[in-house]
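Reader: Can you walk me through this one? I'd like to start with the inside and then move on to the rings.

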Amino acid sequence: VPTQLTIQYQNGELPEDIDQRYKPYYSTFASAVSFVSENSYYVSYYTWDDMQIDWGNVHDELGFSLTLDDYHTIALSYANEAVDVYTQVPLDSVPNLVQHCENNPLENLDEITAFILYTLQNDTAYTRTPGLTPANRDPVEYFLFQSKKGYCQHYASAAVLMYRMYGIPARYATGYAVSPDAFQAGGQSYEASVTDEDAHAWVEIFLDDYG
């Protein structure tokens, strides 16, 4: 059973483009366009636990059996497309990063993730005031090998390129990261106020059965 989330814009009207409206992971597309008022809408979404599905052993009560073949066809097509689209890297723009990854050949996803985290956590420092990237310099290359200072956008961009260099489909994502502690009980529901302080950037990687 999905959970319902109402998203209300405190300032201004809803973006006309549906794709520009914020939605949590595992939300259903149809509910993303269901309006509550001129400045709010609701989204039905599933939790991470709800996504733990054994796709090779789907039962009728889940409601997927009739469309399971279609699901597999779409999933396979998307997986192939993701490899083509989300592994592209401007190699000429990041020669130092290319060399860094070539000097550390890895194939296992866990090892690749650990290496990326090690690179970012040990060779750089987080700051909201890293300064400007010089003209005609790649921001990731400059961040990792010269300034070594940055915030979420720098870290996410670097992680995307490193995953791609190892053949893992990855993309840059932006939105809001809201802590569970931000939600306060209000009657039979919970409410959270989300501001620009919660704005965030992160990396998404392709995982079978999750997208």
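Reader: How many cavities of 30 Å³ or more does a search of the whole structure find?

Author: The search finds 1 cavity of that size. Keep in mind that this is a predicted model.

Reader: How much space lies in the largest cavity?

Author: About 30 Å³.

Reader: Which residues line the largest cavity?

Author: The lining is P130, G131, L132, T133, P139, Y142, F143, S147, K149 and H154. By type, that lining divides into 5 nonpolar, 4 polar and 1 charged.

Reader: Which helix gives the most to the lining?

Author: Helix α4, residues 139-147, with 4 residues.

Reader: Let's stay on α4. Which of its residues are buried?

Author: V140, E141, Y142, F143, L144 and S147 are the buried ones.

Reader: What covers the buried residues of α4?

Author: The cover includes three helices, α2 (95-102), α3 (109-123) and α5 (152-165). Strand β5 (149-150) is part of the cover too.

Reader: And the ends? What caps the N-terminal end of α4?

Author: D138 does. One of its side-chain oxygens lies 3.0 Å from the backbone nitrogen of V140.

Reader: What follows α4?

Author: K148 follows α4, with a positive phi near 55°.

Reader: Switching to rings. How many aromatic pairs does the structure hold?

Author: There are 8 aromatic pairs. Take Y9 and Y41: the ring centres are 6.4 Å apart and the planes sit at 35°, so this pair is tilted.

Reader: Why does that pair tie together parts that are apart in sequence?

Author: Because Y9 lies in the loop between β1 (3-8) and β2 (34-37), while Y41 lies in strand β3 (residues 40-45). Those parts are 32 residues apart in sequence.

Reader: Are Y9 and Y41 buried or exposed?

Author: Both are buried.

Reader: Give me another pair. Why does F115 with Y166 count as edge-to-face?

Author: Their planes are at 90°, and edge-to-face needs over 60 degrees. The ring centres of F115 and Y166 lie 6.3 Å apart.

Reader: Where do F115 and Y166 lie in the chain?

Author: F115 is in helix α3, and Y166 is in the loop between α5 and β6 (170-176). The pair links distant parts of the chain, 51 residues apart. F115 and Y166 are both buried.

Reader: Last one. Which residues form one aromatic cluster?

Author: Y25, Y26 and W48 form one together.

Methods: Residues are numbered from 1 along each chain as its sequence is written. This is a predicted model: local features need pLDDT of at least 70, side-chain atom pairs count only at pLDDT 80 or more; totals for chains, interfaces and linings use all residues. Side-chain values use heavy atoms; hydrogens and water are left out. On a 1 Å grid over the protein atoms alone, a cavity is a set of points where a 1.4 Å probe fits but cannot get out, and a pocket is an open set with protein on both sides within 12 Å along at least five of seven lines; lining residues have an atom within 4 Å of a point. Grid points are joined across faces, edges and corners, and a volume is the space filled by probe spheres set on the points. Helices (H or I, at least four residues) and strands (E, at least two) are DSSP runs, numbered from the N terminus. Ala, Val, Leu, Ile, Met, Phe, Trp, Tyr, Cys and Pro count as nonpolar, Asp, Glu, Lys and Arg as charged, and the others, Gly among them, as polar. Buried means under 20% relative accessible area, exposed over 50%, partly exposed in between (1.4 Å probe, protein chains only). Contact means heavy atoms within 4.5 Å. A polar contact is a pair of N or O atoms within 3.5 Å; within protein, one must be able to donate a hydrogen and the other to accept it, and residues adjacent in sequence count only if both atoms are side-chain atoms. Rings of Phe, Tyr and Trp (its six-membered ring) pair if their centres lie within 6.5 Å; planes under 30 degrees apart count as stacked, over 60 as edge-to-face and the rest as tilted.
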